Structures are given as C-alpha cells and as structure tokens.
Amino acid sequence: MKPLVTGGAGYIGAVVACQLLEAGHEVIVLDDLSTGHRDNVPDGARFVEGRVQRAGEVLDRSFDGVLHFAAKSLVAESVKRPEVYWDNNVVGTLDLLTVMRAVGVRRLVFSSTAATYGQPERTPIREDDPNAPINPYGQSKLAVDMAITGEAHAHGLAGVSLRYFNVGGAYGRHGERHNPETHLIPNVLLVPAGRREAVEIFGTDYPTRDGTCVRDYVHVTDLARAHLLALEAAEPGRHIIYNLGSGAGFTVREVVGSCRRVTGHPVPAVDQPRRPGDPPSLVASHHRIREDLGWRPELDLDRIVADAWRFLQAAR
Ligand code: UFG
C-alpha cells in the first residue's frame, strides 16, 4: 500500500512509519516539525514538511489511505490553550477529511485517546462505555472521532480510531523525546540517568491499591503493529473504534518499582499533591481489537521500561 503518515516525525508516527516500510509499503510522511524531529523520519520514507492543512498538496488518488498522528497531545497544555487544540486537532482533521474526500482517498486510521472517556465509571474500559472527556485534549479527539463516524456513514470512508492508553518503550532508535517531558516512565528514568535527584509522585490518596494512579502501559512496538492491522481491515462506510492497551493496570509506585528493577538504581521518590485532571484509574479492555483483528500485546511493563532506558542511555 501507499499510505500518507501525518505526524510521522513524532514518537509513535515514526515507529509506525518504520513498521510500514519493513512490511514493504511505500511511506510518505507529512509533519510540520512543531513537536516532531526531522531525524525521526525513517530512511526510505519520503518527507514533506508542512501542516496537516497542506495535505492537499501531497495527497492524490495514488494513495491508499492516511494514518493521522499529527496532533497536539498534552493534557495540561490543552487546559491552558484550548484554542490550539481545537485548531490543530479538530480543524486540521476536518481539512484533512475534506481533502481525502475530494481526491478519493477513502481509508483512515486515526490516533484517538483514552482521554475521551474522562473519569470512567468502571474499568476495564470498553469502547461502548460513555465518553465524557474532562479536558480540551480529550474533547478535541472525541470531536474528531464523531466527525469520522459521520464521514464513514455519509461518504463511505473506511475509518478506524485507535484509542491509546499509556504508550511507552522504544523501537530501534525511536523513543520518547518530548520537551518538556511530562510522562511518567521517561521522567522516572531521568533519576538513574543522573539528570534528576528524585521522581515526584503526583497524588498518594487515590482510591487505588497503594493510593497512586493506575494506568495501562502498552509498548510502542505493540501499539504500532495495531495500526498496520487497522489499515488493512478498514471497511468502507464503517468507523470502528478500538481501545489499545495491555489490559493490565499498574500504579505509579509499581512503575517506579519496575524502573528500580530494570536499572538497578534506588530511584528516590518524593510524594506530591495530585496533578489536576488525573483520573484515578484508566485500564483498557482490548477485547474488541483482539477479537476483530487478532491483536494482542506481547511486551510487558519491564520490557517497556528496559527499552525506554536503553533509548535514554543511547541518546545521551
Ligand atoms: N506522574 C507522576 N510523576 C511524574 C509524571 C507522571 O506521578 O513525574 C503520574 C501522573 O500523575 C499519572 C501517571 O503518572 O497519574 C501517568 O502520567 P503520564 O503523564 O505518564 O500519563 P497520563 O496518564 O497523564 O496521560 C496519558 C496519555 C495522554 C492521555 C491520558 C488519558 O499520555 O495522552 O493518558 O488520561 F490523554
């Protein structure tokens, strides 16, 4: 196939671009490098620098589909600057859908998020559980999911939304390089790397087994593989939503424990107040994607941490 990968210079988009190339596909990356890195784009992919709004200059009938990663994705930033999220994530994707419709590219795999569920009433979360996002990031992704449903029903788009839970680990030379880094695992690993004294634990009074938040960590290698399955499986006129998580939940303290095990470093931790907007527990049911596409996660939390640690050490 010949897919366009928007956001293919970012962490997850670059890993998917690599796997597509390894599977023999022809890959074109569109990325404005606002948060991505030019050197993330894998050798063998054609690179076009530009915003998603410029997809019209790239896409034509020869493309088989679009994998759409390009987005803003920081919860706290979205609360401070919601307009940036509505513009990039919603307006950008609506423009992309318009271009795809105009040129007749009718297959889309979209990066959605567990943040659409807000504070879920039960875990594991299923795709038909209520959506009630509590921040503009989750709202913007949910708005796009709804737009894709309409596009599929009205205009025959073959759409798949993948709702990511907590993605980590590295694939080859591709790992997390966010600035600032807000995610738990890379932040914890800064301690054994000698770049921080201690990790901060945000909130120790949640109704969970040790008082810290529970999250579902999925390896970027496993997560990326689901995109190739979704691209192949997308059906005209249907929009299917799949959760992408391991199905297992770990507390923040358990993640810190994994980092201690993997690195052999004591990793001091300092308890802090809750971080605004954090739901106590987010764990996926991945039953639907397992049944429909045969996807299952293969790499566990220690492997996620080990690969993130290898990446961080190599990056120094
Ligand atoms: N945490 C710490 N210390 C840190 C960093 C994080 O204790 O230094 C805690 C957070 O408070 C949270 C947990 O670790 O309880 C995980 O935090 P992350 O920032 O790694 O990830 P989130 O669960 O907040 O975010 C993820 C995705 C978002 C998505 C969100 C859904 O990265 O894109 O899940 O809630 F929106």
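A salt bridge here is a side-chain nitrogen of Lys or Arg within 4 Å of a carboxyl oxygen of Asp or Glu. By that rule, the structure holds 20 salt bridges. This is a predicted model, where local features need pLDDT of at least 70, side-chain atom pairs count only at pLDDT 80 or more, and totals for chains, interfaces and linings use all residues. Residues are numbered from 1 along each chain as its sequence is written, and side-chain values use heavy atoms, with hydrogens and water left out.

**View 1. Aspartate 87 and arginine 51 meet in a salt bridge.** The N to O distance between these two side chains is 3.5 Å. Aspartate 87 sits in helix H3 (residues 82–103) and arginine 51 in the loop between S3 and strand S4 (65–68), so the pair ties together parts that are 36 residues apart in sequence. Helices (H or I, at least four residues) and strands (E, at least two) are DSSP runs, numbered from the N terminus. How accessible are the two partners? Aspartate 87 is partly exposed, at 32% relative accessible area, and arginine 51 is also partly exposed, at 34%. For the cut-offs, buried means under 20% relative accessible area, exposed over 50%, and partly exposed in between (1.4 Å probe, protein chains only).

**View 2. Glutamate 57 pairs with arginine 54 in a salt bridge.** Here the closest N and O atoms are 2.9 Å apart. Glutamate 57 counts as exposed, with 58% relative accessibility, whereas arginine 54 is partly exposed at 37%.

**View 3. Arginine 238 and glutamate 235 form another salt bridge.** Their side chains come to 3.5 Å, N to O. Both ends are partly exposed: arginine 238 has a relative accessible area of 41%, and glutamate 235 has 39%.

**View 4. The peptide bond from threonine 123 to proline 124 is cis.** Omega is near -5 degrees for this bond. To find proline 124, look in the loop between strand S5 (107–113) and helix H4 (136–155). As background for this view and the next two, most residues other than glycine have a negative phi, and most peptide bonds are trans.

**View 5. Leucine 33 has a positive phi.** The angle is near 60 degrees, in a residue other than glycine. Leucine 33 belongs to the loop between strand S2 (28–31) and strand S3 (46–49). Its relative accessible area of 24% makes leucine 33 partly exposed.

**View 6. Valine 267 has a positive phi too.** Here phi is near 45 degrees. Valine 267 is in the loop between helix H7 (252–263) and strand S13 (269–272). Buried or exposed? Valine 267 counts as buried, at 0% relative accessibility.

View 7. A disulfide is a covalent bond between the sulfur atoms of two cysteines. The cut-off used is a pair of cysteine sulfur atoms within 2.5 Å, and by this rule the count comes to zero disulfides. Cysteine 213 is buried at 4% relative accessibility, and cysteine 259 is buried at 0%.
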